[in-house]
Amino acid sequence: MFAIAAITTTMGYHHISIRPASTMVDHKVTTATGIVAHLMLLFSVVRYYQISAASGVEMENAHFFFIWMALFASLAVISIKQFLSPPKTLQKGGSFGLAQLAIPLYVSMTLISGVYFFLTGNPSGLAIY
């Protein structure tokens, strides 16, 4: 259910942000940060799976790792496709500063927490928490 909601929300540009992406710069910034966030999440889940598999303890429900991996890979692909083919209704130009307000809330939270976990040497922390 979560995966379906995440994919349909991403495809429809319906994420929560301070303001909607209305210019080309807004669109490029929001989709580029989305790509980075989704790839961070994917990498974190892969690392968590690798650490869990190498622990020597039998994993229960290991298929959940692969579901999360598929979700974040799908979201990254959707974001890449959106970055490469923006909607035709966008205004030309825009401001990089104002574009920061169009970044979806979950992307900002993912980037901040992901950078923290990666800098502290715990790349699987994002997937764990």
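Modeller: Start with a term: buried means under 20% relative accessible area, exposed over 50%, partly exposed in between, with a 1.4 Å probe and protein chains only. This is a predicted model: local features need pLDDT of at least 70, side-chain atom pairs count only at pLDDT 80 or more, and totals for chains, interfaces and linings use all residues. Residues are numbered from 1 along each chain as its sequence is written, and side-chain values use heavy atoms, with hydrogens and water left out.

Biologist: What share of the 129 residues counts as buried?

Modeller: The cut-off is under 20% relative accessible area. Applied to the 129 residues of the chain, it gives a buried share of 31%.

Biologist: How many helices and strands are there?

Modeller: Helices (H or I, at least four residues) and strands (E, at least two) are DSSP runs, numbered from the N terminus. Along the sequence the pattern reads α-α-α-α-α-α. The C-alpha atoms fill a box of roughly 55 × 30 × 20 Å along the principal axes. The count is six helices and zero strands.

Biologist: Of the contacts with a separation of 6 or more, what percentage joins residues 24 or more positions apart?

Modeller: Contact means heavy atoms within 4.5 Å. Among contacts in the chain with a separation of 6 or more, residues 24 or more positions apart account for 83%.

Biologist: How many aromatic pairs does the structure hold?

Modeller: Rings of Phe, Tyr and Trp (its six-membered ring) pair if their centres lie within 6.5 Å. Planes under 30 degrees apart count as stacked, over 60 as edge-to-face and the rest as tilted. By that rule the structure holds eight.

Biologist: Phe43 and Phe118 form one of these pairs; which geometry does it have?

Modeller: The centres are 5.8 Å apart and the planes make 85°. Phe43 lies in helix α2 (residues 24-54) and Phe118 in helix α5 (residues 105-119), so the pair ties together parts 75 residues apart in sequence. Phe43 is partly exposed at 41%, and Phe118 is partly exposed at 30%. The geometry is edge-to-face.

Biologist: Are Tyr49 and Phe65 buried or partly exposed?

Modeller: Their ring centres lie 5.4 Å apart with planes at 65°, so the pair is edge-to-face. Tyr49 sits in helix α2 and Phe65 in helix α3 (residues 63-84), so the pair ties together parts 16 residues apart in sequence. Tyr49, at 24% relative accessibility, is partly exposed. Phe65, at 13%, is buried.

Biologist: Which residues do ring pairs link into a cluster?

Modeller: Tyr49 and Phe65 are among them.

Biologist: Where is Lys28 relative to Phe83?

Modeller: A charge sits over a ring if NZ of Lys or CZ of Arg is within 6 Å of the ring centre and within 35 degrees of the ring normal. Lys28 lies over the face of Phe83, and its distance from the ring centre is 4.3 Å.

Biologist: Which residues does Thr31 touch, leaving out those up to four places away in sequence?

Modeller: Thr31 lies in helix α2. At 4% relative accessibility, Thr31 counts as buried. The residues Thr31 touches are Ser79, Gln82 and Phe83.

Biologist: Which helix holds Ile67?

Modeller: Ile67 is partly exposed, at 46% relative accessibility. The helix is α3.
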